Amino acid sequence: MIDMESHIKDLLSDAINSAVRNKDLVFPEGLEIILERPRREGQGDYATNVAMLIARHWGMKPRDAAEIIKAHLGQSEYVEKVEVAGPGFINFFLSDEWLTGVIKDILAKGPDYGKSDIGRGKKAQVEFVSANPTGPLHIGHGRGAAVGDATASILSFAGWYVEREYYINDVGLQTKILGRSVQSRYFELLGKPEHAPFPEDGYKGDYIYKIAEEIIAEEGDKFFSLPTEETLDYFRDYALEVILNEIKKDLEDFRVNFDVWFSEKSLHERGLIDEMVDFLTRRGLAYEKDGALWYKSTLFGDEKDRVLIKSNGEPTYFASDVAYHKDKFDRGFDLVIDVWGADHHGYVPRMKAAVQALGKSPDALQILLIQFVSLIKGGKLVPMSTRAGQFVTLREMMDEVGVDAMRYFFLMRKCDSHLDFDIDLAKSASTDNPVYYVQYASARIHSIFKEAASRGVAVVDPEKVELSMLSTEEEKALIKCLARFPEEIKKAANDLAPHILIYYVYDLAKAFHSFYNAHRVLGEENSLTNARLTLVRAVKVVLLNILHLLKINAPEVM
RNA sequence: GGGCCUGUAGCUCAGUAGGAUAGAGCGACGGCCUCCUAAGCCGUAGGUCGCCGGUUCGAGUCCGGCCAGGCCCGCCA
């Protein structure tokens, strides 16, 4: 099966070239032929505005240029008709041969249908979630997890080599506060709260008590006799490990698996921060002022220079991050994608500036900012505040609404749009719920095959099926929808935008449901039943490919 | 004060490098199961794309200025 888009582009550029020769015209410098898919019926399957772009160079009206190009177009068995329309569009109507070719192509490729090679095997890394291991994941992390994971899957499907990575902030002030919080609860539970007062900005959640209880169960009161400063590291390390394990389990149950768990501590232990500082200093990109070491990020568009090493000798969080990103690029990634909460957006310019200091294009780092999620329950906003320890955890949500609905809802919107997550809607087994709508298509397809088997209708080799019998409006619309999948993958990969696939899979389910309601697959005359059954097989392939990619279940029965 | 994101139908949102008559879902209204799952389908209504100006053959899309909402602006992490 040929790539229809490039086929039509070839036809067009050949036509323009021969028009240029015949009519003694010029071929405009840098002209690029763009195809689009017209929204409206009657405007063909593909359209181009190239005549409108070229008209000025040829000194004629757009429609006249379009007619000249059309007159020079070569024949193609896949193109049924070409029309000049509107202000000067050239519309291509594809033939029935093309439609049947789509179905055969899908069934031949199966799970590979829709794959692309636009990544050309280059290395991409997606770093996401990376929540501090100081407490359980909440729903905001869930959205980042879904978006990061789906983005990675899409890139992989589009021909990139992809790794998923989680950055563990296992050093620094927050971990110390965590340690103090647990230590304090430990003494509190043992009736000696005065030994270690609860820190002012400590972690107040119940999980801190649980960890303290575990320690009591394992170690009893053995820390009574030791100075609290000496045992702090124990409490901190213990808590970090417990919490990180919970995070890992939450993510696994959310169907996210990381290739690399990268410890910030290891950056320090391997001396990578000093190495980075040397690197910048040697290049004249760092200077001392007020006893601190500063990075000249203003050279690369940041609004002010940033401190790398504080006057007390400690590196800033930013320094760790620069060293971390240097390490990412040192590991050979061509594209590094960071998924951050949108509240970190002010951090983007300095990170981009850092990437340039490392000698990379700022585009080698792409940052996806994940906007906040508002939970709606009973039509009302669920109040949430991390500071007050009042938040809904990822685990609670998974238990309440299920992973399929969560992943679908988190992927449903552009990641930089606020998301209203309607819990009642996500849970409802009703027509309103888009997850069920899409999954219902899967269940119906399975039901057709089950019924076919019980009626003794065999699956026939697509080459031996009269696919030309698929001639109704709904059938053609469904096939055209199937044919869009590879393009949707490319779009989603280029834009790092999983929501494109959610919109597409919804369209596909809609086209299928329309077909299903308008026509019967089984019980028709043999050749028609075979043709429709073959079409349904193709729908199943595409539907499953998408749902697998997004890690949403495709139930056989609902 | 500066910066980033958002502003499209009653609600929630799409909208391809600037293209043709503005797109879905929900909600509202009206139809469709003797039949492979009605968790479905079909139809109707609903819009000065926040406001004003500019760029051009053409602007929801690009530029400038306002307005509204959210977020950020530390030798915190």
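**G291**

I looked up the exposure of G291 in this predicted model and found a relative accessibility of 52%, so G291 counts as exposed. The classes I use are buried, under 20% relative accessible area, exposed, over 50%, and partly exposed in between, with a 1.4 Å probe and protein chains only. G291 sits in the loop that links β8 (286–289) to β9 (292–295). I take helices (H or I, at least four residues) and strands (E, at least two) as DSSP runs, numbered from the N terminus. Leaving out residues up to four places away in sequence, I found that G291 touches K310 and S311; contact means heavy atoms within 4.5 Å. I also checked T175, which is 116 residues from G291 in sequence and 26 Å from it in space, C-alpha to C-alpha.

**Conventions**

I number residues from 1 along each chain as its sequence is written, and I letter chains from A and number ligands from 1 in the order in which they are written. In this predicted model local features need pLDDT of at least 70 and side-chain atom pairs count only at pLDDT 80 or more, while totals for chains, interfaces and linings use all residues; side-chain values use heavy atoms, without hydrogens and water.

**Chain A as a whole**

I counted 20 helices and 15 strands in chain A. Its C-alpha trace spans about 90 × 65 × 40 Å along the principal axes. Of its 558 residues, 52% count as buried. Among contacts with a separation of 6 or more, 71% join residues 24 or more positions apart.

**Helix α5**

I compared the length of α5 (residues 139–157) with expectation: its 19 residues should span 27 Å at 1.5 Å a residue, and the end C-alpha atoms are 27 Å apart, which agrees. The expected span is 1.5 Å times one less than the number of residues. I found 16 of the 19 residues of α5 buried, so the helix is largely enclosed by the rest of the structure. Just after α5, G159 adopts a positive phi of about 95 degrees.

**The sheet of β13, β14 and β15**

I traced an open sheet of 3 strands in the order β14-β13-β15, with mixed pairing. β14 (380–381) and β15 are the edge strands, each with a single partner, so one side of each has no neighbour in the sheet. Two strands pair if DSSP finds at least two bridges between them. β13 (residues 373–377) runs parallel to β15 over 4 bridges, with S374 bridged to D420. β13 and β14 are antiparallel and joined by 2 bridges; K377 stands opposite K380. In β15 (residues 419–422), L419 and F421 form the covered face, and D420 and D422 the uncovered one.

**RNA strand B**

I listed 67 residues around RNA strand B, of which F89, T431, Y437, Y440 and S447 come nearest; a residue is near if one of its heavy atoms lies within 4 Å.

I then noted individual atom pairs. A polar side-chain atom of R444 is 2.6 Å from a phosphate oxygen of RNA strand B. An N or O atom in the side chain of S514 lies 2.7 Å from a phosphate oxygen of the RNA. For N517, a polar side-chain atom is 2.5 Å from a sugar or linking oxygen. Elements that give two or more residues to this surface include α16 (434–454) and α19 (499–518).

Terms used
A polar contact is a pair of N or O atoms within 3.5 Å; within protein, one must be able to donate a hydrogen and the other to accept it, and residues adjacent in sequence count only if both atoms are side-chain atoms.
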